[in-house]
Amino acid sequence: MSVPVPVIFNNGHTCPVLGLGTWKSEPGQVTQAVKDAIDIGYRHIDCAHIYLNEPEVGEALTTKFKQGVVKREDIFITSKLWCTFHRPDLVEGAINVSLKNLGLDYLDLYLIHWPQAYREGEELFPKDELGRAAPSPVDFVDTWKALEALVEKGLVRSIGLSNFNRKQIQKVLKVAKIKPQVLQIEVHPYLNQQKLIDFCRLNDIAVTAYSPLGSPDRPWAKPGEPQLMDDIRLKTIADQYKKSVPQVLIRYAIDRGLIVIPKSVTRSRIQQNFDVFDFQLSMVDLQAIQTLECNGRFCSMGDTHHPDYPFHEEY
């Protein structure tokens, strides 16, 4: 099996091309999942404050450090700033909570999780009088400047954005002293994001694909909605390579030059998701998968009334 080549950021830091996602990983399961992933060979773990499982991820990291399986410098850890902490004076406190929970002195990557700011307070999903997400007037440009200060203080090595559209990224680029290193977005064959990926490449911003398997366990899925991993067209391609559909989906992201973070808490699937470096999709198959695009977004947050809701724009 070939050794995966890491992605090089515009600041010179590198990131393993394949990571373990932890969104929707239950606190009672995620510790063992991270331990298994590290034992299998993963060196990239994707976390976030809103996943509410960072202490359990930290427990796994601490165990593997103590066992000598990995050193801190061997592993790449991402976390994300939640929407209720966009106000600049709250940003450093927010990253310090994640660092404490993860048992770390610094993060490798810290992202603004969503462009829309929510009302500050103890509630992570504050509601207005109509039951909708309650916005905060904070401009994400000011939030970005606070992230830059985190780099200067050594709390994080690289910073970036998540779920931002093209216009919002351009707004950050206009004021940035430190250019975003990464944009993390939903990417899979039903939502290939080619225009946004091309835009990021023009601006030397790496792209991380989340929900590469179509997020089949998303809690808001409705009966009868299409399941990406059941698509017969993908099964046909997978059979050609004697691989599973999830392996083809992960390889689809890697062969497009993306970082990819599939989630699982099952050791056998974590292993299978890692066994993708002994084959490569042909250009013909990549083009065939690209035709499955149908603007099939699975993760939208739903607060379309928010002035910074990112999916009003074409891309």
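Predicted model: local features only at pLDDT ≥ 70, side-chain atom pairs only at ≥ 80, totals over all residues.
Residues are numbered from 1 along each chain as its sequence is written, and side-chain values use heavy atoms, with hydrogens and water left out.

Q: How many helices and strands does the protein chain have?
A: Helices (H or I, at least four residues) and strands (E, at least two) are DSSP runs, numbered from the N terminus. On that basis, the secondary structure of the protein chain comes to ten helices and ten strands.

Q: Why is the protein chain described as being as compact as a globular protein of its length?
A: The radius of gyration is taken over C-alpha atoms, and the globule rule is 2.2 Å times the number of residues to the power 0.38. For 315 residues the rule gives 20 Å, and the protein chain is close to this value, so it is as compact as a globular protein of that length; its radius of gyration is 19 Å.

Q: What percentage of the residues in the protein chain is buried?
A: Buried means under 20% relative accessible area, exposed over 50%, and partly exposed in between (1.4 Å probe, protein chains only). Of the 315 residues in the protein chain, the buried share is 54%.

Q: Among contacts between residues at least 6 apart in sequence, what share joins residues at least 24 apart?
A: A contact means heavy atoms within 4.5 Å. Among the contacts in the protein chain that join residues at least 6 apart in sequence, the share joining residues at least 24 apart is 75%.

Q: Which residue forms an aromatic pair with Trp-114, and how many residues apart in sequence are the parts that this pair ties together?
A: Rings of Phe, Tyr and Trp (its six-membered ring) pair if their centres lie within 6.5 Å; planes under 30 degrees apart count as stacked, over 60 as edge-to-face and the rest as tilted. Trp-114 and Phe-311 are 5.9 Å apart centre to centre with 75° between the planes, an edge-to-face pair. Trp-114 lies in the loop between β6 (107-112) and α4 (140-152), whereas Phe-311 lies in the segment after α10 (283-290), so the pair with Phe-311 ties together parts that are 197 residues apart in sequence.

Q: What is the geometry of the pair formed by Tyr-309 and Phe-311?
A: Tyr-309 counts as buried, at 7% relative accessibility. The ring centres of Tyr-309 and Phe-311 are 5.5 Å apart and their planes stand at 80°, so the pair is edge-to-face.

Q: Which residues do ring pairs link into a cluster with Tyr-42?
A: The structure holds ten aromatic pairs. Ring pairs link Tyr-42 into a cluster with Phe-274 and Phe-277.

Q: What is the phi of Ser-211?
A: Most residues other than glycine have a negative phi. Ser-211 is in the loop between β9 (206-210) and α7 (232-241), and it is buried, with a relative accessible area of 10%. Although Ser-211 is not a glycine, its phi is positive, at about 50°.

Q: With which residues is Met-301 in contact, leaving aside its neighbours within four places in sequence?
A: Met-301 is found in the segment after α10 and has a positive phi of about 70° although it is not a glycine. Met-301 is partly exposed, with a relative accessible area of 30%. Beyond its neighbours within four places in sequence, Met-301 is in contact with Trp-82, Trp-114, Gln-116 and Tyr-118.
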